[in-house]
Amino acid sequence: MTYRFATIGCTHVGYSTRGMRMHRDTGWNLRVVDGQLAYNQAVNQIIDAECQGLWHGGDVTHWSRPLPRDVESVQRLDDIVFDAGLWNGKNSGNHCAGSGADLSAVAMFDRPTMNAFTVYPDSRRTPEDSVGPYPGLYEIHQPDPDQAIYLHVISHYGLDPDLRNQGIAIEPEPLDHGINILCSHGIFVGDERLYKAAERHGADRLVPTEWVTRGFDLTLLSDFHTPGPVEGFGDPDGRGQVWYTGSTVRRGFSDDESPRGWLQVDLPDAAAPQVTLREIWQRPQRDFDPINATTMTVAQINDMVRDRLASQRWIDAESEALTGDGGWILRQRIVGATPQQRQGIYELAGEWANAARDAAYWSTTFENPLSGISLAQPAHEQVSITERVVDLQVALDHRVDHGTVGKTLRDAPESLRDAALTKARAALGAPRAD
């Protein structure tokens, strides 16, 4: 017999892309609808695959204080999971974690009567309602009472290095019986792609390499948005593998191009776990090769951009059928433009936007050669946005959904937010007086 469950992560419900077209039926940012649809599609595939449970690796919502709209969408999917008879667990990720005394956003989805449990610190929980060894930090769950399958869950909070100063030492160890699976949400030290997971939303938390070598049958991690196994881990028979769940929705151009979906975990009797990536739909996007403005005139740049936008019709049939809007997500980067070239390009903005009218999102960004981008590199090998960026407008765009800037904008009235961003971008793009 084989026991099967599913795992997903980084659904980021509520994530939106500034400048994205609005969804016609709801009036919401289209990327919010994309995220809800992707999560919904994954859940329905999981049920159709006859999985017995669903484990969410963290970052359920994009914000630690999600909008009621986003909470409702997740709870609606949890109801579907419950009606299908699956157990349902969720971990706290860095986007779930609030500041100070705030509870994790996953607290809203803790519904024991519906076989839905979540992992987060809560001082109000009684000992009878708590799960150890360290409630909210490191918990061991047996989600199916009929199966000797144990999830060793370390939350974002449990990866805090300051815990040792409080006398708390998180040291996950497999039990001496059953199938033991390590689950956490953080940056795996043993993965050479580590730097790409450091997205600077909340504190960076590390998953030590040594943990996965303690005899766990499988390790399931979330935080890095590219799904798949981490090379170099696991016995020849497949026991001890390390997998990233990836995300269900791609977060703009900060994420690498990769499949989106969920992981099917099969646990055969007396054999190593088998993990299979199951893909879901994603809206197509294109990051055009950077244009080197240092060797071109504005007219030549204009011709190149117009040719690229005219190369095909930027409408995807599947996206249109699912959301009512099939537009692609498009971006053109221009490297090394002088202030005079930028002014000329700004004057072309309206013409370019009209040429890209089929796209759901179109943007032009300026980058300086000092940012380290090689024009010879394919788009998927460009450095991450955490590298040094000297163009202030680009830096602002990268912060509108993150950190203090993102929170300030999110809390502001929409009319004030848009006006402030317009003025800020104009000020940052103006030539220096000196």
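This is a predicted model: local features need pLDDT of at least 70, side-chain atom pairs count only at pLDDT 80 or more; totals for chains, interfaces and linings use all residues.
## Overall make-up

The protein contains 10 helices and 18 strands. It has 434 residues, of which 52% are buried.

## Aromatic pairs

Across the whole structure, 7 aromatic pairs are found. One of them is formed by Trp55 and Phe117, whose rings are stacked with 6.1 Å centre to centre and 25° between the planes. Trp55 belongs to strand S2 (residues 53-56) and Phe117 to strand S4 (residues 116-119), so this pair ties together parts of the chain that are 62 residues apart in sequence. Trp55 has 1% relative accessibility and therefore counts as buried. Phe117 has a relative accessible area of 14% and is also buried, because the cut-off for that class is under 20%.

Trp314 and Trp328 make an edge-to-face pair, because their planes stand at 75°; the ring centres are 5.1 Å apart. This pair links distant parts of the chain, 14 residues apart. Trp314 is in the loop between helix H4 (298-309) and helix H5 (317-323), while Trp328 is in the loop between H5 and strand S17 (329-335). Both residues are buried: the relative accessible area is 2% for Trp314 and 14% for Trp328. Together with Phe288, Trp314 and Trp328 form one aromatic cluster.

## Charges over rings

Two arginine residues are placed over aromatic rings. The charged end of Arg69 sits over the ring of Trp28, at 5.1 Å from the ring centre. Arg125 lies over the face of Tyr120, with 4.4 Å to the centre of that ring.

## The sheet S16-S17-S18

An open sheet is built from 3 strands in the order S16-S17-S18, with parallel pairing. Strand S16 (285-292) and strand S18 (361-367) are the edge strands; each has a single partner strand, so one side of each is left without a neighbour in the sheet. On average, neighbouring strands of the sheet are turned by 15° against each other, direction ignored.

The parallel pairing of S17 with S18 runs over 7 bridges. In this part of the structure, Ile334 stands opposite Phe366, a residue of S18.

## Thr248 in its loop

Where in the chain is Thr248 placed? Thr248 lies in the loop between strand S13 (241-244) and strand S14 (261-268). Is Thr248 buried or exposed? Thr248 counts as buried because its relative accessibility is 1%, and the class takes in values under 20%.

Leaving out residues up to four places away in sequence, Thr248 touches Gly9, Cys10, Thr11, Ala38, Arg260, Gly261 and Ile280.

Definitions and conventions:
Residues are numbered from 1 along each chain as its sequence is written. Side-chain values use heavy atoms; hydrogens and water are left out. Helices (H or I, at least four residues) and strands (E, at least two) are DSSP runs, numbered from the N terminus. Buried means under 20% relative accessible area, exposed over 50%, partly exposed in between (1.4 Å probe, protein chains only). Contact means heavy atoms within 4.5 Å. Rings of Phe, Tyr and Trp (its six-membered ring) pair if their centres lie within 6.5 Å; planes under 30 degrees apart count as stacked, over 60 as edge-to-face and the rest as tilted. A charge sits over a ring if NZ of Lys or CZ of Arg is within 6 Å of the ring centre and within 35 degrees of the ring normal. Two strands pair if DSSP finds at least two bridges between them. Axes are lines fitted to C-alpha atoms, for helices over the stretch in contact, and angles run from 0 to 180 degrees between N-to-C directions.
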